[in-house]
Each structure stands twice: as C-alpha cells, then as structure tokens.
Amino acid sequence: MNEIFDAIKEVCIEIKNALAFEETNYTQNTNSTGDTQLALDVKCDLMIQKKFSKLKCIKQIISEEKEEPMDMHENGEYIVAYDPLDGSSLVDVNLSVGSIFGIYKSEVGAKNLLASVYVVFGPRVELVIAHEEAKLYRLDKNEEFKFIKTIKLNKKGKHNAPGGTQKHWEKKHKKLIDEIFQDGYRLRYSGGMVPDLHQILLKGGGLFSYPATSDNKKGKLRMLFEVFPFAFVFEKAGGEAIDGKQRLLELTPRHIHDTSPCFFGSTEEIKRVRKTYE
Ligand code: AFP
C-alpha cells in the first residue's frame, strides 16, 4: 500500500505544475455523469493512469473521467478508484481544487475500502492519508511531503457547507440548514468538495451536506470516487458520514458512477441530520 501512497505523492506534484500553467479550456467530451470534461481533467487522469500502470500491486483503476474500469496487472491485489481533479470548474477562477483516491482490496465496495487519500491544491499543497488514522502532510520547498499532524474532530464544530441548489431542497432540509445558521454556524462553501471538507476537518468540525434534491433525487456526488473515500477519512478522524439515515460506508453502488446524498460532520451535527431525516 505504501507504494500507492508514494505514487500519489509523486503524481500530485505533476498535477500541481499542470494546474499552475495549463489552459483551462473544455473538450468536446462529457464524462459518465454528464460533466463536460476540461482538458485538465483528462490530462490529470492520464498522468495518474501512467503512474499507476507502473505498480504491479494495482489490479485495476476506475476513474471518474473514464466510462469503464481499466485493467492493470492481473495479479494485483488493489483497485484504486479516483477523481483526478475534483472541482475542476473552479480552476479558471483560481479557487482550491483537489484529487481523491479510494484504495479497495480485490473488488470495489465500501466494505473493501482499506485506505483513502485526498490532495488539496490551494495556496499550499496538502495531502491527507486515512488508513489506521487520518494524517495530514504538507509539501515543503524541497517538494517532499512532511507530516504535520493526526486529524481529530471535536464533537461539535462551527462551520456549515450546504451544497445543492437551494430552490430544489426539500422543506425539511432547508429547515435543518436554517436552524444550524440560526445557531451561529458560519457559511463556508466554495463549490469544491475537497477544500470544503478539508476546512471542516482542520477547523475541528461542522457539517458538509449535499442532499437529494428535486432535480437530483440521488444527490450529485459519486460513491466510489468522492463519497466513500471522504466517509473513511471522517470516521478515522472521529466524525461521521451518512446518507441521511445510513452510514455511507454501508451503501452498495449498483454502477461504478452511482451517486448518493451525503452528510459529513462531527457527531453533534450528524445527530441533527439523523433527526431531520428519520
Ligand atoms: P466540478 O468537478 O464539476 O467542479 O464539481 C465539483 C463537485 O463535484 C464537488 O466538488 C462539489 O462539492 C460539488 O460538485 C459542487 O456542486 P454545486 O455546484 O451543485 O454546488
């Protein structure tokens, strides 16, 4: 597994450089969930594919930017599902974006998730590896990742990141979010899942939500590439991650690009979500 972590550390330096200088033009193509692909999305996907193709321990890769899984090494024991550049639509407005990886044993599925990694490309490049614990690393001037700290969430936070188009929210969801703001929580939502969740993790807690909406009954965020890896991080950091009722890491996608409503937070906030959605 460490060689996969090392490969991710290497490739995200290439992605950092591509983000700084590459054009942000769109291609003619759309990915499996209908997003028009940026040339950068495709470029980052190919960088990761090339890097993982050299690791004999990887049996298969599944990318948000690819229609189907791609076989790598027959005797490999791991499947890596990844979102090469999450929040890519924010690059041309110079906001933080990220990459997300889920490392699965033998076959994909929440119960086979062994570890997850996400990278934040912001003023600094930071990387979180969740295995036994959730650990934060930061890229230093020698382009090496230095360990910073083990991430531990408080029982209750003060930040609220409410996703989804508000006019399509269910009434009960709007009531939940309004009450949380009434209790003095601050709005922290950039439209990039990686920096938004990173802020809640590093600031000790709060709530990120992307619910089912009237225009998106199954939510927007993808289980294998986005939802499961972050659910793993939040649980390792002492928080919780649910779909409103059930632990996200108990869900089983029927298709590799399936999405799910999702709520990530510290325990007090998730308790409020459960009460709303019971
Ligand atoms: P893009 O990758 O298309 O920029 O979408 C980003 C994202 O998948 C996730 O990072 C955000 O939390 C969410 O979508 C933002 O969705 P809304 O634009 O509907 O708020």
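**Close-up views of a predicted model**

**View A. Asn-160 in its strand.** Asn-160 is placed in strand β11, which spans residues 159-162; helices (H or I, at least four residues) and strands (E, at least two) are DSSP runs, numbered from the N terminus. The model is a predicted one, in which local features need pLDDT of at least 70, side-chain atom pairs count only at pLDDT 80 or more, and totals for chains, interfaces and linings use all residues. Residues are numbered from 1 along each chain as its sequence is written, and side-chain values use heavy atoms, with hydrogens and water left out. With a relative accessibility of 0%, Asn-160 counts as buried; buried means under 20% relative accessible area, exposed over 50%, and partly exposed in between (1.4 Å probe, protein chains only). Leaving aside residues up to four places away in sequence, Asn-160 touches Ile-177, Ile-180, Phe-181, Tyr-185, Arg-186, Leu-187, Arg-188 and Leu-207, where contact means heavy atoms within 4.5 Å.

View B. A polar side-chain atom of Asp-86 is 2.5 Å from an oxygen atom of the ligand, and a backbone N or O atom of Met-193 lies 2.8 Å from an oxygen atom of the ligand. For Lys-220, an N or O atom in the side chain is 2.9 Å from a ligand oxygen atom. On its own the ligand has 480 Å² of accessible area, of which the protein covers 80%; accessible areas come from the Shrake-Rupley method with a 1.4 Å probe, and for residues, only the protein chains shown count as cover.

**View C. Lys-51 and Glu-10.** The side chains of Lys-51 and Glu-10 form a salt bridge with an N to O distance of 2.9 Å; the term denotes a side-chain nitrogen of Lys or Arg within 4 Å of a carboxyl oxygen of Asp or Glu. Because Lys-51 lies in helix α2 (residues 39-52) and Glu-10 in helix α1 (residues 2-21), the pair ties together parts that are 41 residues apart in sequence. Lys-51 is buried, at 16% relative accessible area, whereas Glu-10 is partly exposed at 43%. A network of salt bridges links Glu-10, Glu-14 and Lys-51. The structure holds 20 salt bridges.

**View D. Glu-77 and Lys-105.** A salt bridge of 2.5 Å (N to O) joins the side chains of Glu-77 and Lys-105. Distant parts of the chain are linked by this pair, 28 residues apart: Glu-77 is in the loop between β4 (70-71) and β5 (78-86), and Lys-105 is in strand β6 (residues 97-105). Glu-77 is partly exposed, at 34% relative accessible area, and Lys-105 is partly exposed, at 33%.

**View E. Glu-179 and Lys-175.** The side chains of Glu-179 and Lys-175 meet in a salt bridge of 2.8 Å, N to O. Both residues belong to helix α3 (residues 171-182), four residues apart, or about one turn of the helix. Glu-179 is partly exposed, with 34% relative accessible area, while Lys-175 is exposed, with 52%.

**View F. Arg-222 and Glu-64.** Arg-222 sits in the loop between β13 (206-210) and α5 (223-236). Its relative accessibility of 5% classes Arg-222 as buried. The side chains of Arg-222 and Glu-64 are joined by a polar contact of 3.5 Å. A polar contact is a pair of N or O atoms within 3.5 Å; within protein, one must be able to donate a hydrogen and the other to accept it, and residues adjacent in sequence count only if both atoms are side-chain atoms.
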